[in-house]
Amino acid sequence: MGAPADQGLIVRRIRDGTVIDHIPAGRALTVLRILGLSGREGLRIALVMNVESRKLGRKDIVKVEGLSLTREATDLIALVAPTATINIVKDYRVVEKRRVKVPDEVVGLLQCPNPTCITRKRGEPIKPRFVKVSESPLVLRCVYCGTKLGEEDIVRQFEGAH
Amino acid sequence: MGSLRGRDVISILDFSRDELLALFERADRAFNEARAKPLRDKVLALAFFEPSTRTRLSFEVAMKRLGGETIGFSSEEGTSVAKGETFADTIRMLDAYADAIVVRHKYEGSALYAAEIAEHPVINAGDGRQHHPTQAMIDLYTVYKLFGAVDGLTYGVLGDLRYARAANSFVLGLTLFRPEKVYLISPPQLRAREETKEVLRARSVRFEEVERLEDVLEELDVLYVVRIQRERFPDPAEYERVRGSYRVTRRLVESKAKPSLKILHPLPRVDELDPRLDETPYAAYFLQARLGVPLRMALLLEIMGA
Ligand SMILES: [Zn+2]
């Protein structure tokens, strides 16, 4: 990893859990939202924002102690942080490294921006469903009405309500 | 035997060129086949959450000519939907009673959603601005009857290409064939949707967007006209700005068009198509309307597996 020395001063290593590195600067909170972590779960969470990165210039890092995130969960991170890397830590050692990959289908997480899409009908027991059209640039398409979502729209949805 | 047995009809793009050509041939024979009442033990549900006259009646007539029964409703008023029942529950009920369900609804994606819920085949009779596949089948069938083929012709599609589902479905349907060229003719505010143009590009259909019919009329073999529908506009002010923005007159057609030009329109029309064209050989829209019944008969025969 070759993390700059001063980072160690900000957050110490975790014993067991997940480290999400190389998050585009400023998106750490959005990543937490996508994972459904509010801080009220009692988990120890460390957020590092706007630190130097050789790859990205500046980046954010999220460390969640006591929770090994599944691949399904971490792949959703790709929606707002396609550059993110995942390290699963056990007993202070990285036991698994993952890259995030936008899932082929995203169900229930995003809202379709088209107000006359069937997924927006009030009281209807239907989950919005998007399929991936392209990974870079990120484009998703609503399977019901064909409306497309780009990275900006997706980030805005997670930064907005919830 | 129906090769489309059990299939949902959500978008015209769910079908191949060969499947459509086989359907057209069956439509040619539909009235002959009807004599044996091949669907006499079948029930077709007509779920028109959005009002319709032509489409609903033509499905009803098609089913009855084949010996079948229809159930359903022609608007939300007076149904359990008006009492707050979900769309999903209404579809489940119809699925329990009928062998196939025809759905029209103002929300885009409603037919696909219905197909996910129902075990029986679902036929999309219009979902919001999105698709109207059986109309596209009729339109392509009309061209096939008039010219003997859909390939090799130059098409002009005129009108509200942004919101009108019939125009959208017709253009998508053309991509299953090999048209010489497709002109998308509309005022700038009503240009074809990006998704539709992407399909044209992906299937290498030669097309061009133009604003004035006059500029391309002389090249056309087929002119497809749609009306502007007020209810599709999210903003009434936007509708006011574009209403009456195009009109096909007899004088224009007689002065510029090829003598063999055929004009199609899914009807009903408002003021975009001059009634004085009706008695000219250009008018193909009444034939098109008549072909709705045999085409839908063929489709019902195919889907219900008779
Ligand atoms: Zn949608």
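pLDDT is the predictor's confidence in each residue, from 0 to 100. In this predicted model, chain B averages a pLDDT of 95, and 99% of its residues score at least 70. For the complex as a whole, the predictor gives an ipTM of 0.92 and a pTM of 0.91.

**Two domains in chain B**

The chain is divided into domain 1, made of 12–131 + 292–303, and domain 2, which covers 133–289. The C-alpha centres of these two domains of chain B lie 25 Å apart. Their contact draws on 29 residues from domain 1 of chain B and 32 residues from domain 2 of chain B.

How much area do domain 1 of chain B and domain 2 of chain B bury between them? The value is about 2,700 Å², with 62% of it on carbon and sulfur atoms. On the domain 1 side, Ile12(B), Arg17(B) and Arg129(B) supply 28% of the area buried against domain 2 of chain B, more than any other three residues.

Charged and polar pairs also cross this boundary. Four salt bridges are counted between domain 1 of chain B and domain 2 of chain B. In chain B, the side chains of Arg165(B) and Glu50(B) meet in a salt bridge at 3.3 Å, N to O. The interface of the two domains of chain B also holds 11 residue pairs in polar contact, both residues being at pLDDT 80 or more.

Which elements of chain B each supply at least two residues of the domain 1 side that touches domain 2? They are α1 (17–34), α2 (54–65), β3 (100–105), β4 (122–127) and α10 (285–303) of chain B. The largest share, eight residues, comes from α1(B). By class, this side of domain 1 of chain B has 13 nonpolar, seven polar and nine charged residues.

**Where chain A meets chain B**

Now to the contact between the chains, which takes 16 residues from chain A and 16 residues from chain B. The area buried between chain A and chain B is about 1,300 Å², and carbon and sulfur atoms give 50% of it. Thr116(A), Ile118(A) and Tyr144(A) supply 39% of the area that chain A buries against chain B, more than any other three residues.

Two salt bridges are found across the interface of chain A and chain B. Glu116(B) and Arg129(A) meet through their side chains in a salt bridge at 3.0 Å, N to O. Across the interface of chain A and chain B there are also 11 residue pairs in polar contact, both at pLDDT 80 or more. The side of chain A that touches chain B is made up of eight nonpolar, four polar and four charged residues.

**Backbone details worth a look**

| Cis peptide bond | Omega |
|---|---|
| Ser136(A) to Pro137(A) | near 0° |
| Leu267(B) to Pro268(B) | about 0° |

Where do these prolines sit? Pro137(A) lies in the loop between β7 (129–134) and β8 (139–142) of chain A. Pro268(B) is found in the loop between β9 (262–264) and α10 of chain B.

Finally, turn to His22(A), which has a positive phi of about 55° although it is not a glycine. His22(A) is placed in strand β1 (residues 17–24) of chain A.

Notes. Residues are numbered from 1 along each chain as its sequence is written. Chains are lettered from A and ligands numbered from 1 in the order in which they are written. Side-chain values use heavy atoms; hydrogens and water are left out. Domain bounds come from an automatic or database domain assignment. Contact means heavy atoms within 4.5 Å. Buried area is the accessible area (1.4 Å probe) that two parts lose on being put together, summed over both. A polar contact is a pair of N or O atoms within 3.5 Å; within protein, one must be able to donate a hydrogen and the other to accept it, and residues adjacent in sequence count only if both atoms are side-chain atoms. Helices (H or I, at least four residues) and strands (E, at least two) are DSSP runs, numbered from the N terminus. Ala, Val, Leu, Ile, Met, Phe, Trp, Tyr, Cys and Pro count as nonpolar, Asp, Glu, Lys and Arg as charged, and the others, Gly among them, as polar.
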